[in-house]
Amino acid sequence: MRCAICEGLARELRDAWRSDQQDIRARFDETARSAGRDPETFLFQWITSLARMPDGDFDSLQSARYPRVDEVRRKWKEHETRSGHSGLRSGWRSAFIFDTVMRGGYGSLRGR
Ligand SMILES: [Zn+2]
């Protein structure tokens with residue numbers, strides 16, 4: 001079940017995602033370079049380790065790295081509690097990894 005607020009939050013999340021992702025990309029390139037690593041390999045290893053991480057750890061790491069996304073998620077959780085609409089809850093991690101690989105990082109790094 002969805003409503004206008006849910007839709008608004010979905011849009012907000014997309015924008016927040018894009019902004020946070022840009023910051024992370026910039027930081028990644030820098031970190032990889034200073035470690036003398038190939039950014040693509042570096043990013044791929046990071047994503048692989050994320051996929052194996054316990055849920056609690058994943059959440060706190062995600063909050064630290066994606067402050068804007070985290071804020072939207074927090075609002076969504078509030079709305080979810082109040083309205084009973086299903087929010088992000090499940091599938092968050094796989095969506096995150098998929099998006100990072102396909103669009104945010106790995107895919108576009110390859111295209112260089
Ligand atoms: Zn709603």
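Biologist: How are the residues numbered, and what pLDDT do local features need?

Modeller: Residues are numbered from 1 along each chain as its sequence is written. In this predicted model, side-chain atom pairs count only at pLDDT 80 or more, totals for chains, interfaces and linings use all residues, and local features need pLDDT of at least 70.

Biologist: What percentage of the residues in the protein is buried?

Modeller: A residue is buried if 20 or more other C-beta atoms lie within 10 Å of its own, exposed if 12 or fewer, and partly exposed in between, with C-beta atoms placed from the backbone. Of the 112 residues in the protein, the buried ones make up 12%.

Biologist: Are helix 1 and helix 4 roughly parallel or roughly antiparallel?

Modeller: Axes are lines fitted to C-alpha atoms, for helices over the stretch in contact, and angles run from 0 to 180 degrees between N-to-C directions. Angles under 35 degrees count as roughly parallel, over 145 as roughly antiparallel, 65 to 115 as roughly perpendicular and the rest as oblique. The axes of helix 1 and helix 4 lie 7 Å apart, at an angle of about 165°. Helix 1 is therefore, relative to helix 4, roughly antiparallel.

Biologist: How many charged residues are in the contact of helix 1 with helix 4?

Modeller: Two residues are in contact if their C-beta atoms, placed from the backbone, lie within 7 Å. Helix 1 contributes I5, L9, E12, L13, A16, W17, S19 and D20, which meet P67, R68, V69, E71, V72, K75, W76 and H79 of helix 4. Ala, Val, Leu, Ile, Met, Phe, Trp, Tyr, Cys and Pro count as nonpolar, Asp, Glu, Lys and Arg as charged, and the others, Gly among them, as polar. By class, this contact has 9 nonpolar residues, 2 polar and, as charged residues, 5.

Biologist: How are helix 1 and helix 2 oriented to each other?

Modeller: The axes of helix 1 and helix 2 (residues 39-52) come within 9 Å and cross at roughly 110°. F28, D29 and A32 of helix 1 make the contact with P39, F42 and L43 of helix 2. The two helices are therefore roughly perpendicular.

Biologist: Is R73 buried or exposed?

Modeller: R73 is located in helix 4. Its C-alpha is 8.4 Å from that of L9, although R73 and L9 are 64 residues apart in sequence. Because 21 other C-beta atoms lie within 10 Å, R73 is buried.

Conventions:
Helices (H or I, at least four residues) and strands (E, at least two) are DSSP runs, numbered from the N terminus.
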